[in-house]
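Biologist: I have a structure open and I'm new to this. Can you walk me through it?

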Amino acid sequence: MKLKQLSLFLENRPGELSRPVHLLAKAKINILTLSVADARQFGVLRLIVKDWEHALKLLEKNHFVVQVTDMVALDVEDHPGGLAKVLEAVEAASINVEYMYAFAVKREHKGMLVFRFNDPDKAIAAFHQKRINVIGPDELVERLGA
Amino acid sequence: MKKSSPGNFHPASAPDFLPPAQLRTLQLLRLKATVQRAYDHVALFRQRMDERGVKPAQVKSLEDIESLPFTVKSDLRDTYPFGLFASPMKDIVRLHASSGTTGKPIVVAYTQEDINVWSNVIMRSFAACGLTNEDIIQNAYGYGLFTGGLGAHYGAEALGATVIPISGGNTSRQLMVMNDFHVTAICCTPSYFLHLLDEAKELRINIREMALRAGIFGAEPWTESMRQRIEAESSIKAYDIYGLSEIIGPGVAMECQCQSGPHIFEDYFYPEIIHPKTGKPCADGEEGELVLTTLGKQAMPMIRYRTRDITTLTNEPCECGRTMRRIKRIGRRCDDMFIIRGINVFPSQIETALLQVEEALPHYQIVLTREKGLDQMEVQVEVTPEVFSDTVGALEQLQCRLGKSIETLVGLRAEVRLVQPRTIQRSEGKAKRVIDQRKL
């Protein structure tokens, strides 16, 4: 059920982001979604791709420092209170959200968000209990038509 | 460690074990001859001694050396190219030159006898760390004007070892030769060997499975932590060789198998330790600047040459039985030291600070700038997989801890900048740790 996210260290200067992006493009690896977290002097590029193992090998071969992190993707209803409902489920179980970002697709009034929890397994259990759909890698690829 | 039974030693190593009294007598004899030669044939030495009212005949004991003037690096520049030669060109068989950071290089000369002495001390260096004529030595010091390449080469041949004159650079070829030629020992700078280890990892080559068992590392300051890393990652023994072109090249001092600091080949080089600021001699065992006087050099005698290397000299007997005194590994130099906002900083201090936060020493570089009249120190540190995190908070915390560690050790705030792996230049010669961009 968990998704693998690749995080890359980037220095804060022009052209830094395009290097890994070009590498992936050349290898025909599609980026399903991404986010960039920025500090004053550096950034962390977070990527969700279809063939993450292939991408990991490619990036490491090109001297990027890459970390693999477990992520949880969820359907979030696109109306007021939709996100609140999701958050309530994890807060009740004392699970912390480290960060989150979205997929740029929407279907049937639902958006897809991807979360980094301090304890992804516990979070997935909490969602199951609340009958909130957790999107696994296969379903994700199918829904994105990637 | 091999048991130190006298029978184990190479015959050429015999002088290493001279009884101290005999050694001092030999040193005094040679010192007198050197001072006389320098006075007779080198205008600068004669002029300096005359200014002080010192005549060669007044050198009657080893302690009298303190009455002689120092020689410094700029003396070699000022007399460029041949001003300090004590032999006519017909007797000089070789010239070498050191790069020098700015402008003209420093030129050094050798007679055939000097070359023989040099080969002898390097042969004794190799013998001291247990190499024999059975060894296959990959000499990755640069061949050419730099003294390292040819110096090590002649010494290896004198020992009867098989020498591979591969010179520096072309790292993947170095690894191929190391493996295919069953190399047992390598000569290069310690930072270049670390570069070789990185490259081997990259190419999935395991140096541990090779025949390589010893590294003779020198030509730049290094630290015990570098030795530990080298030995842990390659399972070879890392030995410290010391030398400088102005004195002869590599082979002024070399570690024995006890690895407890290089023994100075005192029959040819006379060491003193002085306070770098006052020039006064240090007490026994006190840390200071190493000053060397050549005791056999014909073409270019050096009287009390200030090396700028900071070390201590120990008289403690070594387990190996050698009577030649030892220096501590050169971890820093007076001129590597930089002054920022009135504080003396050595790159080795920064290294220690980084090691207090990270388990292995990352590649780093110190950049000095001046902004609005105020000096700034930036320490660039490469991010390694071991410390990288997907959360910005954890990385900022790392940055902060590195900064605090430096501030505690150096007493000065430094800007720590995390940079991508392999963005700090790896030199194939001496590692460049400090980039000073201040326009002073």
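Biologist: In what order do the elements of chain A run from the N terminus on?
Modeller: They go β-α-β-β-α-β-α-β-β-α-β-α. That gives chain A 5 helices and 7 strands. Keep in mind that this is a predicted model.

Biologist: How much of chain A is buried?
Modeller: Buried residues are 29% of its 146 residues.

Biologist: And what share of the contacts in chain A with a separation of 6 or more comes from residues 24 or more positions apart?
Modeller: Such pairs account for 68% of them.

Biologist: Switching to cores. How many residues has the largest nonpolar core?
Modeller: It has 92. Among those with the most contacts inside it are Phe126(B), Ile186(B) and Val252(B). Helix α4 of chain B, residues 112–128, gives the most to this core, with 8 residues. There is also a second, separate core of 55 residues. It includes Leu3(A), Met71(A), Leu74(A) and Val410(B).

Biologist: Why would such residues gather?
Modeller: In soluble globular proteins, nonpolar side chains tend to be buried together.

Biologist: What does Val252(B) touch, leaving aside its neighbours within four places in sequence?
Modeller: Its contacts include Tyr242(B), Leu244(B), Ile264(B), Phe269(B) and Leu292(B).

Biologist: Back to α4(B). Why call it largely enclosed by the rest of the structure?
Modeller: Because 13 of its 17 residues are buried. From first C-alpha to last, α4(B) reaches 24 Å, close to the 24 Å expected at 1.5 Å a residue.

Biologist: What follows α4(B)?
Modeller: Gly130(B) does, and its phi is positive, near 95 degrees.

Biologist: New topic: the open sheet of 4 strands in chain B. What's the strand order?
Modeller: β20-β19-β18-β21, with mixed pairing. β20 (415–419) and β21 (434–436) of chain B stand at the edges. Each has a single partner strand, so one side of each lacks a neighbour in the sheet. On average, neighbouring strands are turned by 25 degrees against each other, direction ignored.

Biologist: How do β18 and β19 of chain B pair?
Modeller: In the antiparallel sense, over 8 bridges. One example: Ile366(B) has Val379(B), in β19(B), as its bridge partner.

Biologist: Which strands does helix α9 of chain B touch?
Modeller: Helix α9, residues 347–357, packs on the sheet and touches β18, β19 and β21 of chain B. Its direction makes about 120 degrees with that of β18(B).

Biologist: And where does α10 of chain B lie?
Modeller: Helix α10, residues 392–410, lies across β19 and β20 of chain B. It runs at about 135 degrees to β20(B).

Terms used:
Residues are numbered from 1 along each chain as its sequence is written. Chains are lettered from A and ligands numbered from 1 in the order in which they are written. This is a predicted model: local features need pLDDT of at least 70, side-chain atom pairs count only at pLDDT 80 or more; totals for chains, interfaces and linings use all residues. A nonpolar core is a set of buried Ala, Val, Leu, Ile, Met, Phe, Trp, Tyr and Cys residues joined through C-beta atoms within 7 Å. A residue is buried if 20 or more other C-beta atoms lie within 10 Å of its own, exposed if 12 or fewer, and partly exposed in between; C-beta atoms are placed from the backbone. Helices (H or I, at least four residues) and strands (E, at least two) are DSSP runs, numbered from the N terminus. Two residues are in contact if their C-beta atoms, placed from the backbone, lie within 7 Å. The expected span of a helix is 1.5 Å times one less than its number of residues. Two strands pair if DSSP finds at least two bridges between them. Axes are lines fitted to C-alpha atoms, for helices over the stretch in contact, and angles run from 0 to 180 degrees between N-to-C directions.
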